[in-house]
Amino acid sequence: MHRIRYLVGSLVLLAAVLGAVWLVRLLQNLDARPGVPLQIEFHDARGLRAGADVRFRGVTVGTVRAVTVAADGEKAVASVLLEPGGAAQACVNSVFWIVTPRFGGLAGGASGLDTLVRDAYLAFATPAQRGSPLTGGSLLTGWERPPAPAEADALAAVEHGDLLMTLLVPENHGLRPGSPVTFRGLQTGEVRGIALAQQGTHVEVQLRIARRHRHTVTDQCAFWVARPALTGALFSGFTLTDVTALLSPFVAYQGEPGKGLPVRDGHRAAALASRPVEEPTAVPAAALLQPERPAEPPAPDLVLVRIVYAAVDHDFWSPDDPIHHEGTGVLFQDRAGRIVVATARSLVDGAYSETETFGSQPDIEQEQIQVMLPAGTVLRGARVWVHAGGRDLAALVLDEVPPDLLGTPADKLGFGGGEIGPDAQVRRVGADAAPAPPVALGGRELPQLAENLGGAVVVAGMVVGVYGRATAHADAPAVVPLDLLPEDLRPR
Amino acid sequence: MTTVATALEFRDFGLAHDRPGGAVQLFVGASFALAQHGFYLFCGRSGGGKSSLLRVLAGLVDPREPAPIRSGELLAWGEPVTGGRRDALRLRTAAILQDEGLLDELSPRANVELALRAAGRSVRLAPGLLALAGIPEPGPSVAELSGGMRKRVAVARALASEPRLLLCDEPTAGLDETAARQIALLLRSTHDAERTRTTIVTTHDFDAFAALADGVMVLDPADRTLRLEGPGWREPPGAGLAAGPAPAGEPAVAHGVRRALLQLGAAAATCGEALRRLPPVELAVTARTVARFCVEPALFVGACGAVVGGLATFFALRNNPVQGGFESALLSGTGKVAVAVLVPLLCGFFFTARIGAGAAARLGTMQRTNQIAALQMLGIRPADYLLTPLVWGMVIGMPVATLVGVVAAAGAAWLAASGASGFTTTGWANAFFAAVTAGDLLAVLGKAALSGLLVALCSYHVGTGPKPSGAAVGAAVDEAIVRGMAIVLAVHALGTFWAYA
């Protein structure tokens with residue numbers, strides 16, 4: 001018993017001695033581990049401590065081994081050991097800085113806030129044009145403040161269908177890449193780049209609006225750079241707006257629903273000098289209604305597009321009337337390979353839909369037809385054909401079509417006419433060009449035209465017509481058969 | 001006719017116990033002489049003072065107890081006996097005490113050799129002495145010997161120093177008739193072999209010593225006298241009871257204060273003794289003790305360190321109030337407090353509970369079974385044989401145990417840190433030892449060595465205190481643990497405060 005106890009004790013003692021040796025060697029050889037030792041000079045180490053992380057793109061790739069003051073007392077020197085993985089990313093032109101909480105003023109915003117609850121750490125970034133790799137023992141000069149997050153890679157990648165546009169502002173007002181772009185107070189995109197115009201007359205701000213919000217941007221939208229503003233008068237009271245912009249300015253825009261055309265990529269807009277006086281429109285009464293349980297959007301076998309038509313009805317006796325129509329169209333490829341959209345003529349032709357008081361022909365000017373594809377891209381449509389017999393059917397042809405755009409397959413288009421049975425339905429798209437729940441046609445009364453104008457009438461999975469007016473000036477809906485289309489506009 | 005030389009001479013000699021409330025007179029007015037080369041029996045009622053007189057003769061007076069009060073004069077070979085360390089009587093006396101006082105951890109031969117060495121004689125005489133006493137060689141260890149054999153070993157050891165006065169306290173107690181007679185014959189035969197030796201045997205067993213004694217010293221409790229009778233004297237049946245306390249003496253409170261002062265003095269004496277006897281004389285014993293104290297508690301303190309280090313780290317990282325924040329700072333703090341304060345303190349506790357208590361138990365048993373008195377009789381300072389090894393063992397063993405604990409704590413903390421928060425080995429080492437300096441390690445070792453020294457002194461002092469009963473040994477172990485832990489706590493608290501505040 002005694003012997004076993006002594007044996008165990010001796011083994012433990014031996015293990016402790018070996019453990020102590022291991023610890024001492026570990027602590028002694030921390031510098032000799034594989035990796036690249038570096039020294040980085042700072043004016044101010046900002047509380048960086050030995051043992052802090054070195055991070056590249058947020059990943060820990062090394063350790064701060066020691067932080068000392070240089071012999072001349074002019075600099076603080078951080079001794080760093082980069083692990084082999086991190087060393088591969090460090091080049092002679094890499095930028096090292098210490099991440100601590102920083103408040104960059106009203107315009108600069110705050111950064112490094114994670115280090116409020118974490119140790120300060122060292123971060124580095126390597127520009128896209130990489131220099132030669134760093135070698136061990138290099139002495140670098142660190143940056144006293146983090147580099148501006150101007151690198152495009154700091155921003156979210158541009159998705160297919162996102163709107164890229166340029167906003168022209170008289171002055172930058174502290175916008176930075178990454179500053180938000182908001183619509184009704186909701187972020188819909190961000191600033192991607194800022195540049196001074198060539199002549200120095202204004203600043204060009206590149207914006208990205210996310211695909212699912214791009215329908216909120218029209219050519220009628222008012223843009224401005226949000227800054228805190230105090231408005232009002234002594235007797236009427238003051239209003240303080242955009243207080244949140246105190247820390248980080250942002251771009252805001254607003255627009256009336258049902259006004260303006262969707263904009264195409266590369267759109268340029270001039271910003272207002274300040275927030276427009278009028279407030280955004282109130283919540284529409286229809287939105288208060290309990291929404292019906294939306295049906296499942298149908299499988300995307302048909303290619304439906306959103307069509308926005310804008311024009312001005314020039315009137316001799318009265319002020320000009322703006323015309324604004326929105327609706328759906330069926331997109332397919334005709335036998336010549338053109339991209340054709342079949343839709344209701346009343347949607348895309350003011351001369352057809354408008355009536356004059358004295359029965360004269362309406363004087364339509366400034367016609368614009370914008371077609372928003374399911375992917376979010378906005379293209380201009382040209383009205384190439386209308387039904388000569390006065391039926392509510394027209395065909396648009398799109399230009400500058402993306403090469404990978406697919407149309408509705410030919411076997412889904414029925415040119416032989418079809419019985420409008422109980423399973424017939426109108427398929428349409430929403431304001432963002434995404435498919436909306438279909439509306440059944442089988443009831444006693446046909447559904448309202450308003451939202452369904454130009455919708456595809458589908459029977460047994462086949463498009464047999466478009467939903468339009470029964471006659472040119474009537475509000476009664478009707479199914480206009482597709483076989484009214486001329487042969488050359490039909491698919492092969 | 002040659003004059004018979006006198007070995008001991010009592011001149012109106014008296015002895016009294018110093019008890020609270022007054023002295024208890026054992027006997028007064030003893031006046032007689034014991035001849036050199038006389039073989040005397042010494043009898044009297046139990047508790048009558050036989051052992052007290054024997055202890056006075058052997059010089060075995062506990063410094064922590066009030067010494068017996070003497071009166072009259074006692075001469076040994078013509079010189080007065082004062083009870084001092086260099087007393088003529090003390091240097092020439094050997095005693096076979098009750099329970100023999102053999103060192104249980106040694107063999108019979110080593111016991112004899114120890115006595116030979118202490119007397120400055122060659123250890124080669126040991127086999128002769130053992131043969132003389134009738135001990136077979138190589139025999140079993142002392143712990144396995146029968147009562148008769150133990151007495152024989154004790155005789156052989158007592159003879160090793162060639163004493164001129166041999167005192168035997170109840171050498172035949174607990175033996176059967178035959179064995180008792182054999183021991184008596186052995187005592188007489190060894191007595192006869194040395195012409196200058198005087199032997200005094202305390203006994204009630206007149207049959208065993210029939211026709212062997214030259215005279216009988218009689219301690220009569222009835223009239224409180226000590227007298228010398230002829231060899232034919234026999235104890236009368238129904239002798240009187242022990243005398244009641246004499247009215248003389250100091251009040252109980254003063255007695256208590258004096259006892260307390262004696263205790264303090266004894267504690268101071270232990271400390272002084274430890275410093276004076278610090279250079280090890282018994283090298284082998286010291287080396288063995290050091291090795292034992294390093295190895296024995298290793299598993300215990302290793303487990304303690306691992307549990308403390310591992311749990312502290314795990315809890316600190318798991319119950320981090322700043323979710324996931326400041327983890328390296330948290331680990332640095334945990335490392336510092338574990339390495340510099342917590343683990344050393346708990347290792348000190350464990351070491352004290354394991355080693356300090358063990359030492360007190362062993363010393364208490366040695367005291368109880370007269371082994372320490374026997375060492376004193378052999379002329380070996382108990383401090384050399386027991387205290388110095390204990391001090392070295394603990395002064396070295398406690399820091400070693402602490403290091404074992406710290407290493408185990410670090411290992412467990414490494415596992416906990418990588419398990420709880422995914423620290424890499426380098427990251428953990430960087431953070432855990434970030435705040436630990438060489439100064440911390442020195443402070444830890446200093447605290448451990450100092451508490452080792454103090455716990456050694458405490459265990460020794462408590463262990464070698466008077467042990468009137470077996471329960472006193474148990475009480476001493478309790479006391480050693482409580483006091484030892486208090487010492488460790490105080491040293492660590494003060495040491496940490498001093499080092500860091």
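## Elements of the two chains

Helices and strands are runs assigned by DSSP, where a helix has at least four residues and a strand at least two. In this predicted model, chain B has 15 helices and 10 strands. Chain A has 5 helices and 29 strands.

Of the 501 residues of chain B, 49% are buried. In chain A, which has 492 residues, the buried share is 33%. Among the contacts in chain B between residues at least 6 apart, 79% join residues at least 24 apart. For chain A, residues 24 or more positions apart make up 67% of the contacts with a separation of 6 or more.

## Where the chains meet

The contact between the chains involves 24 residues from chain B and 20 residues from chain A. On the side of chain B that touches chain A, the elements giving two or more residues are α8 (283-295), α9 (298-318), α10 (327-368), α12 (382-421) and α13 (425-432). The most is given by α12(B), with 6 residues. Sorted by class, this side of chain B has 16 nonpolar, 7 polar and 1 charged residues.

## Helix α9 of chain B

One of the helices on that side, α9(B), can be checked for its length. Its 21 residues, at 1.5 Å a residue, should span 30 Å, and this agrees with the 29 Å between its end C-alpha atoms. Of these 21 residues, 15 are buried, so α9(B) is largely enclosed by the rest of the structure.

## Helices packed against α14 of chain B

Two packed helices are described by the angle between their axes and the distance between the axes. The axes of α10(B) and α14(B), the latter covering residues 438-463, come within 9 Å and cross at roughly 20°. Angles under 35 degrees count as roughly parallel, and α10(B) is therefore roughly parallel to α14(B). The crossing of these two helices is right-handed. Among the residues of α10(B) that take part are V339(B), P344(B), G356(B) and L363(B), while those of α14(B) include D440(B), V444(B), S451(B) and V455(B). The residues of this contact divide into 12 nonpolar, 8 polar and 2 charged.

Helix α7(B), residues 252-276, also packs against α14(B), at an angle of about 125° and with the axes 10 Å apart. That angle makes α7(B) oblique to α14(B). The crossing of α7(B) and α14(B) is right-handed. Here A267(B), T270(B), C271(B) and A274(B) of α7(B) meet L457(B), Y460(B) and H461(B) of α14(B). This contact has 5 nonpolar, 2 polar and no charged residues.

## Two residues with positive phi

A460(A) has a positive phi, near 50°, although A460(A) is not a glycine. This residue is found in the loop between β27 (456-459) and β28 (462-469) of chain A. With 11 other C-beta atoms within 10 Å, A460(A) is exposed.

In chain B, D12(B) is not a glycine either, and its phi is positive at about 55°. D12(B) belongs to strand β1 of chain B, which covers residues 6-19. A residue counts as exposed if 12 or fewer other C-beta atoms lie within 10 Å of its own; D12(B) has 12 such neighbours and therefore counts as exposed.

Technical notes
Residues numbered from 1 in each chain as written. Chains lettered and ligands numbered in written order. Predicted model: local features only at pLDDT ≥ 70, side-chain atom pairs only at ≥ 80, totals over all residues. Buried ≥ 20, exposed ≤ 12 C-beta atoms within 10 Å, placed from the backbone. Contact = placed C-beta atoms within 7 Å. Nonpolar A, V, L, I, M, F, W, Y, C, P; charged D, E, K, R; others polar. Axes fitted to C-alpha atoms, helices over the stretch in contact; angles between N-to-C directions. Parallel < 35°, antiparallel > 145°, perpendicular 65-115°, else oblique. Left-handed = near helix turned anticlockwise from the far one by under 90°. Expected span 1.5 Å × (residues − 1).
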